[in-house]
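Here is a short briefing on one protein model. It is meant to be read alongside the sequence and the 3D view.

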Amino acid sequence: MDLRHARTFVTVAELGTVSKAALRLHVAQPALSRQISDLEQELGLKLFDRVGRRLVLTGEGEQLLGDCRGLLNYAGAIGERAQTLRRGDTGVLKVAGSPQHIESVLSTFLHRYAQRYPNVQVQLFEAAGLDTMSMLERGEIHLGQNLGSVVEPDDPRFGSLILHHVDLLAACHPSLTLGKGRTIEISQLAPYRLLLLDSSFVVRKAFDAACRLAKLKPNIFVESHTPHTLLALAEAGHGVAIIPTQLRTRGHELRIVGVTYRGKPLREQLVILWDKRRRLPRYATAYCEMLAEHVRKVFPITRPTDPKADAKAKRTPARQTREHDTM
């Protein structure tokens with residue numbers, strides 16, 4: 001099979017029109033249409049049905065799409081392998097991470113990696129959750145940071161390395177009484193207005209699952225895609241923010257406690273992932289190993305505050321916020 005035909009097929013399937021695919025591939029529309037026709041003749045199958053202005057995969061086309069993606073990944077891996085053999089520790093490493101991971105971990109780690117691999121150009125992409133998995137499957141990145149629950153344990157496509165674990169925390173203004181120690185049971189959050197990450201975050205899904213188990217109907221004041229928005233609202237006394245230990249809270253005056261269910265922390269594994277069908281260059285494998293070592297040293301980024309420090313803060317005059325304003 002001509003790899004150009006396979007690439008054209010995958011691109012048209014993803015974009016839905018010949019015109020958009022032609023723009024992405026920098027190919028004239030008539031030539032691209034001929035490539036699709038040639039591929040259909042070569043395979044003896046109809047790959048697309050036209051629905052209005054869009055091209056929709058046939059049943060046979062849907063079954064071939066994954067194989068063609070795999071073929072392109074294998075072809076790309078051969079080229080990357082040849083480059084690695086020619087250059088040794090020289091190349092490009094494409095890595096995706098969530099905004100909070102980039103801020104709290106990669107901002108300090110990348111300098112260390114660059115000292116060991118000065119000729120490797122790291123390209124960062126901001127992504128999380130299923131977006132990261134899609135980028136890996138399409139071959140757009142080599143490595144993706146994610147939470148382990150995004151991947152099925154027996155998924156044969158992806159390899160992973162556990163970096164650490166991420167716990168859920170509750171953060172509020174220091175004047176608010178939130179638990180008696182360093183933790184709070186999730187059921188005890190019922191009286192408080194909650195400041196939550198939106199449903200695109202894996203940790204939010206974990207929190208919602210724990211709420212269902214605890215039969216807690218959360219009193220949601222706001223949902224945000226920006227974690228630091230929650231910190232600002234919590235600091236101003238608008239409620240209790242539910243945040244991951246991966247989030248940096250430096251510069252905010254907050255009381256922070258761990259969230260538990262039946263005494264156990266709400267916890268997710270933090271992992272680095274790759275597509276096992278794509279051979280990783282040596283410097284990518286080293287990146288994973290070095291990152292795991294770095295994360296073990298710096299995690300958790302945010303910890304529960306010391307109850308003694310909380311008591312001292314309450315004795316110190318500060319901005320006064322009524323407790324009922326946070327309920």
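The points below cover pockets, nonpolar cores and one glycine.

This is a predicted model. Its largest pocket holds about 580 Å³ of space, and its second largest pocket has a volume of about 470 Å³. The largest nonpolar core has 62 residues.

**Largest pocket**
- The lining of the largest pocket is made of 24 residues.
- Leu72, Asn73, Arg138, Gly139 and Glu140 are the lining residues nearest the centre of the largest pocket.
- By class, the lining of the largest pocket has 10 charged, 7 polar and 7 nonpolar residues.
- Helix α4 is the top contributor to the lining of the largest pocket, with 8 residues.
- At least two lining residues each come from α1 (3-15), α2 (18-25), α4 and β3 (91-97).

**Second largest pocket**
- The second largest pocket, of about 470 Å³, is lined by 23 residues.
- Closest to the centre of the second largest pocket are Ala128, Gly129, Ser200, Phe201 and Val202.
- The lining of the second largest pocket splits into 11 nonpolar, 9 polar and 3 charged residues.
- α5 (99-116), α6 (130-137), β5 (143-147) and α7 (202-213) each put at least two residues into the lining of the second largest pocket.

**Nonpolar cores**
- Within the largest nonpolar core, of 62 residues, Ile186, Leu189, Phe207 and Val240 have the most contacts.
- Helix α9 (residues 282-298) gives the most to this core, with 9 residues.
- Another core, of 18 residues, lies apart from the largest one. Val18, Leu39, Leu55 and Leu65 are among its residues.

**Gly61**
- Gly61 sits in helix α4, which spans residues 59-87.
- Gly61 counts as buried because its relative accessible area is 0%, and the cut-off for buried is under 20%.
- Setting aside neighbours within four places in sequence, Gly61 is in contact with Phe9 and Leu47.
- Gly61 and Val10 are 51 residues apart along the chain, and their C-alpha atoms are separated by 9.8 Å.

Technical notes:
Residues numbered from 1 in each chain as written. Predicted model: local features only at pLDDT ≥ 70, side-chain atom pairs only at ≥ 80, totals over all residues. Heavy atoms only, no water. Helix = DSSP H or I, 4+ residues; strand = E, 2+ residues; numbered from the N terminus. Buried < 20%, exposed > 50% of the residue type's maximum accessible area, 1.4 Å probe, protein only. Contact = heavy atoms within 4.5 Å. 1 Å grid on protein atoms, 1.4 Å probe; cavity = no way out; pocket = protein on both sides within 12 Å on 5 of 7 lines; lining within 4 Å. Points joined across faces, edges and corners; volume = space filled by probe spheres on them. Nonpolar A, V, L, I, M, F, W, Y, C, P; charged D, E, K, R; others polar. Core = buried A, V, L, I, M, F, W, Y, C linked by side-chain atoms within 4.5 Å.
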